[in-house]
Each structure stands twice: as structure tokens, then as C-alpha cells.
Amino acid sequence: MGNALGILLAKRTMLYLVLVGSMCAVGMENVHAAQTVVVTLSNELKFEPNHVTVHVGQTIEWNNASVLVHTVTDVPKLASNAKDVALPPQAASFNSGNLAPGATFRHRFLVPGTYRYFCIPHEAAGMIGEVTVVK
Ligand SMILES: [Cu+2]
């Protein structure tokens, strides 16, 4: 009898731990998803910072803080040089189009891996950025 009660309590404790564990996992994902990372597009033809690491579900906001028109482009066929562009398999490509001074562009990352993107008018000048997306 005592033994059966012990097993029942142990089972309940296990269930409790599983529930708490899964709630923590969901909680952390929400914390990450709520944090938007900002990358600045500069007059010096740079993405600053030019490399950022985010978690799956997180959004990056690119902010054109310059007096120039820039783009945020991760479309392989639009790159002049194949080394300037990369997407993980299964990841959707993205392209802001022309961003006027003061304009912003946002993209939410759903597939882990390495992304290399560029600015269409300034790719040859080395305006290239990288994003690492981790689980
Ligand atoms: Cu540019």
C-alpha cells in the first residue's frame, strides 16, 4: 500500500517536472522572439554590426541611418558574386527593395543556419552582412 502511494507520488512528480520543463522552453522562446536585433545601414557602406547571431523566431530590423539608398538582399540570383550570398537549405530568400534614408526593413528568421546578404548598389564596395541563426 505504502509502496503504491510512493509510485503514484513519483509519477506525479515526473509529470510536474515535464510540465514545468516544457513551460520553461516555451518561455525562453518567447523571450528570444520578443527581442528585435537592430542592424544599422551606414554612410560608410557597412551593415553595423556586420555579423549578428539570433535565435530561431527572432526578428532583425535594419535601419537605414545613412543619407544613401541601400537594400538588404538575400536572393542568390541578384548577387554579382556568388560568395556574397548564402541561405540555409529550406530558408526563404528576402529582399527589402530600395530603402530610403530613415527607412527600416524587418525579417523574422525561422530556419537555423548561416545567412550572407548584401546591398544591391554597394555589393562591389563590400557592403555584406552575415546572420547566424541558432536554435
Ligand atoms: Cu548600400
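**From layout to residues**

Tutor: In this predicted model, the order of elements along the sequence is α-β-β-β-β-β-β-β-β-β.

Student: Which strands stand at the edges of the open sheet of 4 strands?

Tutor: The open sheet has the strand order 2-1-4-7, and its pairing is mixed. An edge strand here has a single partner strand, so one side of it is left without a neighbour in the sheet, and this applies to strand 2 and strand 7 (104-108).

Student: In which sense does strand 1 pair with strand 2, and in which sense does strand 1 run with strand 4?

Tutor: Strand 1 and strand 2 pair over 2 bridges, and Leu-41 has Phe-47 in strand 2 as its bridge partner. Strand 1 is also joined to strand 4 by 5 bridges, with Thr-40 standing opposite Asn-63 in strand 4. The sense is antiparallel for strand 1 with strand 2, while strand 1 and strand 4 run parallel.

Student: Which residue in the turn between strand 1 and strand 2 has a positive phi?

Tutor: Most residues other than glycine have a negative phi. Strand 1 and strand 2 form a hairpin with 5 residues between them, and the residue in question is not a glycine although its phi is near 60°. That residue in the turn is Leu-45.

Student: Is Leu-45 buried, exposed or partly exposed, and why?

Tutor: A residue needs 20 or more other C-beta atoms within 10 Å to count as buried, and 12 or fewer to count as exposed. Leu-45 has 18 other C-beta atoms within 10 Å, and therefore it is partly exposed.

Student: How far apart in space are Leu-45 and His-122?

Tutor: Leaving out residues up to four places away in sequence, Leu-45 touches His-122, Ala-125 and Met-127. Leu-45 and His-122 are 77 residues apart in sequence, yet from C-alpha to C-alpha the separation in space is 6.8 Å.

Student: Which peptide bond is cis?

Tutor: Most peptide bonds are trans. The bond in question has omega near -5°, and its proline is found in the loop between strand 2 (47-48) and strand 3 (51-55). The cis bond runs from Glu-48 to Pro-49.

Student: Which residues have the most contacts inside the largest nonpolar core?

Tutor: The largest nonpolar core has 19 residues, and the elements that give two or more residues to this core are strand 1, strand 4 (59-64), strand 8 (113-118) and strand 9 (128-134). Beyond four places in sequence, Val-131 touches Val-52, Val-54, Ile-60, Phe-109 and Tyr-115. Those with the most contacts inside the core are Trp-62, Phe-118 and Val-131.

Student: How far apart in space are Arg-108 and Ile-60?

Tutor: Arg-108 belongs to strand 7, and with 13 C-beta neighbours inside 10 Å it counts as partly exposed. Apart from neighbours within four places in sequence, Arg-108 is in contact with Gly-57 and Thr-59. Arg-108 and Ile-60 are 48 residues apart in sequence, and their C-alpha to C-alpha separation is 6.4 Å.

Terms used:
Residues are numbered from 1 along each chain as its sequence is written. This is a predicted model: local features need pLDDT of at least 70, side-chain atom pairs count only at pLDDT 80 or more; totals for chains, interfaces and linings use all residues. Two strands pair if DSSP finds at least two bridges between them. Two residues are in contact if their C-beta atoms, placed from the backbone, lie within 7 Å. A nonpolar core is a set of buried Ala, Val, Leu, Ile, Met, Phe, Trp, Tyr and Cys residues joined through C-beta atoms within 7 Å.
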